[in-house]
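Morning, everyone. Let me put the model up, and then we'll walk through a few contacts.

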Amino acid sequence: MNNRGIDVALAPYGALAIRIALGSMWLAHAGLKWFVFTLPGFAAWLNSQGLPSYMAWPVFLLELVGGLAILTGFYGRYFSLSLIPIMAVAMFTHLNNGWVHTSTGGGWEYPAFLIVASLAHALVGDGVFALRAGRRTANESAFTVA
């Protein structure tokens, strides 16, 4: 334990757990657009919100690639940061629906949680077993434990 209350032996595994959960959630979010709403349906929804419908493909691809990058730890913390604006827009579009995401039209707590989790991941890092973690020092490897 260091003087900031962080268990330096286990923290990299906590970062791994966050990375796996967050990457999976971003992949699920992309999958929702592909398998459930379809990209034309998502584009129509964007248009109904006053947003450009042509953003459906870029948003879907960034969520898909970002989710994979986060999950594998391939510069995942940078993808987490790049996905925050997408989820901030999603949260804004759901504000009038209320707190619970099961509300009609979906609430705003799920997008808010993904924003905070993405920020936490960007701050903490990719943890152990990352393919290529960002901000690694010359003395660290992708499999550094502490």
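Start with a quick one: how many residues apart in helix α3 are W57 and F60? Three, so about one helical turn separates W57 from F60. Before going on, keep in mind that this is a predicted model.

Now look at those two rings. W57 and F60 form an aromatic pair, edge-to-face. Centre to centre it is 5.9 Å, with 85° between the planes. Buried or exposed, for F60? Buried: the relative accessible area of F60 is 6%, and the cut-off for buried is under 20%. W57 has 45% relative accessibility, so W57 counts as partly exposed.

W108 is partly exposed, at 27% relative accessible area.

Stepping back, the structure holds seven aromatic pairs. Ring pairs also join W34 to W57 and F60, giving a cluster of W34, W57 and F60.

Next, the helices. Two packed helices are described by the angle between their axes and the distance between the axes. Here we take helix α2, residues 39-48, and helix α3, residues 56-72. Their axes come within 9 Å and cross at roughly 115°. The crossing of α2 past α3 is right-handed.

Which residues make the contact? From α2, they are L39, F42, A43 and L46. From α3, they are A56, W57, V59 and F60. So W57 and F60, our edge-to-face pair, also belong to the contact with α2. By class, that contact has eight nonpolar residues, no polar ones and no charged ones.

The charged end of K33 sits over the ring of F42, 4.9 Å from the ring centre.

Last stop: G76, in helix α4, residues 76-94. How accessible is G76? Its relative accessible area is 0%, so G76 is buried. What does G76 touch, leaving out residues up to four places away in sequence? A69, I70, H121 and D126. And for a distance to check on screen, take G76 and W26. They are 50 residues apart along the chain, and their C-alpha atoms are separated by 12 Å.

To recap: a right-handed crossing of α2 past α3, a ring cluster of W34, W57 and F60, and a buried G76. That's my tour.

Methods
Residues numbered from 1 in each chain as written. Predicted model: local features only at pLDDT ≥ 70, side-chain atom pairs only at ≥ 80, totals over all residues. Heavy atoms only, no water. Axes fitted to C-alpha atoms, helices over the stretch in contact; angles between N-to-C directions. Helix = DSSP H or I, 4+ residues; strand = E, 2+ residues; numbered from the N terminus. Left-handed = near helix turned anticlockwise from the far one by under 90°. Contact = heavy atoms within 4.5 Å. Nonpolar A, V, L, I, M, F, W, Y, C, P; charged D, E, K, R; others polar. Phe/Tyr/Trp six-rings, centres within 6.5 Å; stacked < 30°, edge-to-face > 60°. Buried < 20%, exposed > 50% of the residue type's maximum accessible area, 1.4 Å probe, protein only. Lys NZ or Arg CZ within 6 Å of the ring centre and 35° of its normal.
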